[in-house]
Amino acid sequence: MKRFFPHLAMATAIVAWFSGCGHLDLAPESDPHRVVTGTVAVRMNLIPPPDSEVVVRLVEPPDITAAPTKAAQDLVIGERGARERPEQVVAEQLVHAPQAMPVPFRIEFQASDTALRRGLNVEARISWGGRVRFRNVEAQAITLATIAAPQTLVLDPVQ
């Protein structure tokens, strides 16, 4: 019995030591060259005028968890300072004078797996006559799980 106890204690210590490594992601980083495809549609029958443009952008959202970098004493607490990094456009596609709706898009970009775990947003706008006429109101996220599927962006009229 005395010989068994040291071996049991050592085995328990080894299991406890290596049990903390179970959360590590050991999968290799995948290729950062990515492609998002899909269509832009509106909720009505629309024949876009000849001067119309469809812009589809892939945007990295701002870091909303970061603390403000500057603070002024005379501002309300919720308005103090600016974030370190505002949203950044990762890639975009511009379609001039689309012939009909829905408009297909294909955006090639580079993003790490880490960026796609956090998620990137897809935005779309249709404009003509110098004004934005339609845009997506709800954010549509692109992640590692959704990047392979074609995206459908349904735009609403701008009020």
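In β3, which residue is the bridge partner of Leu-58?

Analyst: The bridge partner of Leu-58 in β3 is Ala-91. Before going further, note that this is a predicted model, with residues numbered from 1 along each chain as its sequence is written. Local features need pLDDT of at least 70, side-chain atom pairs count only at pLDDT 80 or more, totals for chains, interfaces and linings use all residues, and side-chain values use heavy atoms, without hydrogens and water.

Start with the overall layout. The protein has 2 helices and 8 strands. Both are DSSP runs, numbered from the N terminus: helices are H or I with at least four residues, strands are E with at least two. From the N terminus on, the order is α-β-β-β-β-α-β-β-β-β. Of the 159 residues, 27% are buried. Buried means under 20% relative accessible area, exposed means over 50%, and partly exposed lies in between (1.4 Å probe, protein chains only).

β2 and β3 run antiparallel and are joined by 8 bridges. Strands pair if DSSP finds at least two bridges between them. β2 also pairs with β5, again in the antiparallel sense, over 7 bridges. Within that pairing, Val-54 has Ile-126 of β5 as its bridge partner.

What does Val-56 touch? Neighbours within four places in sequence are left aside here. Val-56 is then in contact with Val-40, Ala-91, Glu-92, Gln-93, Phe-105, Ile-107, Val-122, Glu-123, Ala-124 and Leu-153. Contact means heavy atoms within 4.5 Å. Ala-91 on this list is also the partner of Leu-58 in β3. Contacts can also be viewed across the whole protein. Among those between residues at least 6 apart in sequence, 71% join residues at least 24 apart.

Val-56 also belongs to the largest nonpolar core, which has 26 residues. Such a core is a set of buried Ala, Val, Leu, Ile, Met, Phe, Trp, Tyr and Cys residues joined through side-chain atoms within 4.5 Å. Val-40, Val-56, Phe-109, Ile-126, Leu-153 and Leu-155 touch the most other members. The elements giving two or more residues are β1 (33–42), β2, β3, β4 (103–110), α2 (113–118), β5 and β8 (151–157). β5 gives the most, with 5 residues.

Next, the charged side chains. Side chains of opposite charge can pair when their charged atoms come close. The whole structure holds 6 salt bridges. Each needs a side-chain nitrogen of Lys or Arg within 4 Å of a carboxyl oxygen of Asp or Glu. Arg-57 bridges to Glu-87, with the closest N and O atoms 3.8 Å apart. Arg-57 counts as buried because its relative accessible area is 18%. Glu-87 is partly exposed, at 41%.

Arg-57 has another partner. Glu-123 meets Arg-57 in a salt bridge at 2.5 Å, N to O. Glu-123 lies in β5 (residues 120–128) and Arg-57 in β2, so this bridge ties together parts 66 residues apart in sequence. Glu-123 is buried too, at 18% relative accessibility.

Compare a salt bridge elsewhere. Arg-106 and Glu-108 meet at 3.3 Å, N to O. Arg-106 is partly exposed at 48%, and Glu-108 is exposed at 55%.

Arg-106 and Glu-108 both lie on the uncovered face of β4, with Pro-104 and Gln-110. The covered face holds Val-103, Phe-105, Ile-107 and Phe-109. Phe-105 and Ile-107 are among the contacts of Val-56. β4 pairs with β1 in the antiparallel sense over 8 bridges. There, Val-35 stands opposite Glu-108.
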